[in-house]
Amino acid sequence: MAKPRVLVTRKWPDRVEAEIAKQYDATFNASDRQLGVSELRDALGSYDAILPTVSDRLLAETLDTPRVQTKLLANYGVGYSHIDVATARHQGMTITNTPDVLSECTADLTMTLLLMVARRASEGERELRSGTWKGPSPIHMMGTKVSGKTLGIVGYGRIGREVARRAHHGFGMDVLVFNRSPVDQAVLKQNNAVQMNSLEELLPQCDFVSLHCPGGASTRNLINAARLDLMRENAILVNTARGSIVNETALAQALMFDTIGGVGLDVYSEEPCIPPALAECDNLVMLPHLGSATHESREAMGFRVLENLNDFFQGKSPRDLVA
């Protein structure tokens with residue numbers, strides 16, 4: 001019996017690709033070039049499964065093609081807002097993702113950004129590299145203390161809980177939570193967290209705000225000009241979730257007019273494009289979507305995709321079924 005044909009849309013860790021090649025008739029993207037819409041549409045008519053990443057925009061105009069062979073979209077990542085779920089399901093496709101395995105590393109990166117912004121680490125490095133540092137001074141490049149401050153977490157799923165654990169148990173921070181559904185009190189108690197009823201209640205109370213909610217239409221521009229205005233003047237915002245959650249125009253204005261203290265971003269609404277206004281802000285730390293970028297997480301994500309592939313083609317319900 002012929003092996004199922006699968007397309008891996010980007011370059012994956014070598015160990016994962018080698019294992020996929022053993023089990024499937026696999027096509028790999030050795031150049032790691034982002035595939036265009038027409039290439040993805042062609043692939044839908046040729047492969048039994050496509051293994052996309054966040055950079056593959058499988059929206060309605062891509063998926064709505066008359067001849068579809070693909071039955072599984074095994075996503076490499078947790079978020080799947082880059083996939084039009086309704087159209088995929090209409091075309092008879094199953095969708096899976098890779099939860100759990102990247103939560104700790106994404107939480108680590110969240111704390112990295114939070115600390116970098118608070119202690120002005122990027123500004124300091126730029127000063128050293130430019131050769132303009134004049135030596136220590138009592139008032140030179142003063143930042144913000146992190147320990148003992150209040151952290152607001154928007155979205156209290158796996159990653160949000162890992163951030164809360166690091167913040168509370170590692171830095172003694174008070175944790176406030178906004179989540180779209182009630183969080184079990186036992187779960188909140190693990191990090192001494194308190195759930196707020198709304199963003200309007202949470203934002204004015206926080207020294208730091210970290211975003212961990214999913215992307216998609218329901219959270220697009222969730223952090224807008226009005227909500228940025230609710231934040232404290234010296235508060236710091238961190239986003240390692242999805243770029244679409246934040247209105248980037250409003251964010252640039254808040255930074256330029258110093259109505260918030262600073263921002264750390266790992267995600268952007270039109271990746272890889274960065275709004276020029278944001279790039280000009282000194283009180284912003286930017287990273288190129290590195291949330292899960294460790295050897296351990298990226299390999300674990302790939303093997304989790306392989307588990308879902310195996311379940312699906314063995315006639316089982318995939319472990320990480322999302323649609």
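User: How many positive and negative side chains does the chain have?
Analyst: The chain has 33 positive and 38 negative side chains, and the centres of the two sets lie 3 Å apart. Lys and Arg count as positive and Asp and Glu as negative, while His and the chain ends are not counted; each charge is placed at NZ of Lys, CZ of Arg, CG of Asp or CD of Glu.

User: Where does the model come from?
Analyst: This is a predicted model, in which local features need pLDDT of at least 70 and side-chain atom pairs count only at pLDDT 80 or more, whereas totals for chains, interfaces and linings use all residues. Residues are numbered from 1 along each chain as its sequence is written, and side-chain values use heavy atoms, leaving out hydrogens and water.

User: Why does a radius of gyration of 21 Å agree with a compact globule?
Analyst: Because a compact globule of 323 residues would have a radius near 20 Å, the chain's 21 Å agrees; the radius is taken over C-alpha atoms, and the rule is 2.2 Å times the number of residues to the power 0.38.

User: What share is buried?
Analyst: Buried residues make up 48% of the 323 residues, where buried means under 20% relative accessible area (1.4 Å probe, protein chains only).

User: And which residues have the most contacts inside the largest nonpolar core?
Analyst: That core has 42 residues, and those with the most contacts inside it are Trp12, Ile20, Leu51, Leu151, Tyr156, Phe208 and Leu309. A nonpolar core is a set of buried Ala, Val, Leu, Ile, Met, Phe, Trp, Tyr and Cys residues joined through side-chain atoms within 4.5 Å.

Conventions:
Buried means under 20% relative accessible area, exposed over 50%, partly exposed in between (1.4 Å probe, protein chains only).
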